[in-house]
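This report walks through one protein model, from its overall fold to a few of its residues. Please keep the sequence and the structure in view while reading.

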Amino acid sequence: MKGNFFINFQSRIHKSVLVKETLLFFAAYVVVGYAGVVAVVLLSKGAWFVLGVALTALVLRYTLSEFIHRLAKRQRPYQFYGFTPPQSRLFTTKHLQADSFPSDHEFILTFLAITALLVSTPVAWLGLFLTPFVGFARVALGYHYATDCMAGVVLGVLCGFVFILIINSTLFT
C-alpha cells in the first residue's frame, strides 16, 4: 500500500512542472537559503562566537547522523520501490547508500531554527514554519518516509536546545 502511494504520487509529480519544481525548491534549496539567513543574522548581531560554535555543532551533527545512518541502514523510498525521483538542477539528490533515517535536511533546519532563538525570534519562527513544508516535499519526492523527517526534527530540536544550554553556560558564567 505504501509503495503504491509513492509510485502514484511520482507519476503525478512528473506530469506537472510547477508541482515538481515547487517540491524540489522546498526539498533542496530552502535549507541552504535558510542557513544563509541564519548566518547573516548571527553576523549582523555580532555573534561570531555563536556562528563558529554552530558550524562546529553542524560538523558534529554530521558525525552523529552518519552513526545513526549506519545503524538504521534504511533505504530511501525511491531505492526501496525502484523509481527515479525528480532531480535538483544544482544539488545531487540521488544517494547510493541506505541513509534515509533520519532526515538531515529536517535536522539542520530545526537545529538552525532553535539556534536562531539566541538572536532573532522571527528568524527562528521562519525556520520552524518552513520545517513541515520541507518535510512534506522530501516525502512527496520519495527521498524520505514521514518517520525519517519526524526523527530529524526531534534530533534537531534536542541538539538545538543542548546547543543553547552550552552557549548560555559558556557566555554567561
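Helices are here DSSP runs of H or I with at least four residues, strands are runs of E with at least two, and both are numbered from the N terminus. With these terms, the elements of the chain, read from the N terminus on, run α-α-α-α-α-α-α, which comes to seven helices and zero strands. The model is a predicted one.

**The chain as a whole**

Of the 173 residues in the chain, 43% count as buried. Among contacts with a separation of 6 or more, 82% are made by residues 24 or more positions apart. The accessible surface of the chain comes to about 9,300 Å², and carbon and sulfur atoms hold 73% of that area.

**Helix H6**

Helix H6 covers residues 121–140, and its 20 residues should span 28 Å at 1.5 Å a residue; the end C-alpha atoms lie 29 Å apart, which agrees with that expectation. After H6 comes glycine 142, whose phi is positive, near 90°.

**Aromatic rings**

A pair of aromatic rings is described by the distance of the centres and the angle of the planes. The structure holds six such aromatic pairs. In one of them, the rings of phenylalanine 80 and tyrosine 81 have their centres 4.8 Å apart and their planes at 85°, and because planes over 60 degrees apart count as edge-to-face, this pair is edge-to-face. Elsewhere, ring pairs link Phe25, Phe26, Phe129 and Phe133 into a cluster.

**Cysteines and accessibility**

A disulfide is a covalent bond between the sulfur atoms of two cysteines. How many disulfides does the structure hold? The structure holds zero.

| Residue | Relative accessibility | Class |
|---|---|---|
| Cysteine 149 | 5% | buried |
| Cysteine 159 | 25% | partly exposed |
| Tyrosine 81 | 23% | partly exposed |

Buried means under 20% relative accessible area and exposed means over 50%, so cysteine 149, at 5%, counts as buried. Tyrosine 81, at 23%, lies between the two cut-offs and is therefore partly exposed, and for cysteine 159 the value of 25% likewise gives partly exposed.

Technical notes:
Residues numbered from 1 in each chain as written. Predicted model: local features only at pLDDT ≥ 70, side-chain atom pairs only at ≥ 80, totals over all residues. Heavy atoms only, no water. Buried < 20%, exposed > 50% of the residue type's maximum accessible area, 1.4 Å probe, protein only. Contact = heavy atoms within 4.5 Å. Areas by Shrake-Rupley, 256 points an atom, 1.4 Å probe, with all protein chains shown as cover. Disulfide = S-S within 2.5 Å. Expected span 1.5 Å × (residues − 1). Phe/Tyr/Trp six-rings, centres within 6.5 Å; stacked < 30°, edge-to-face > 60°.
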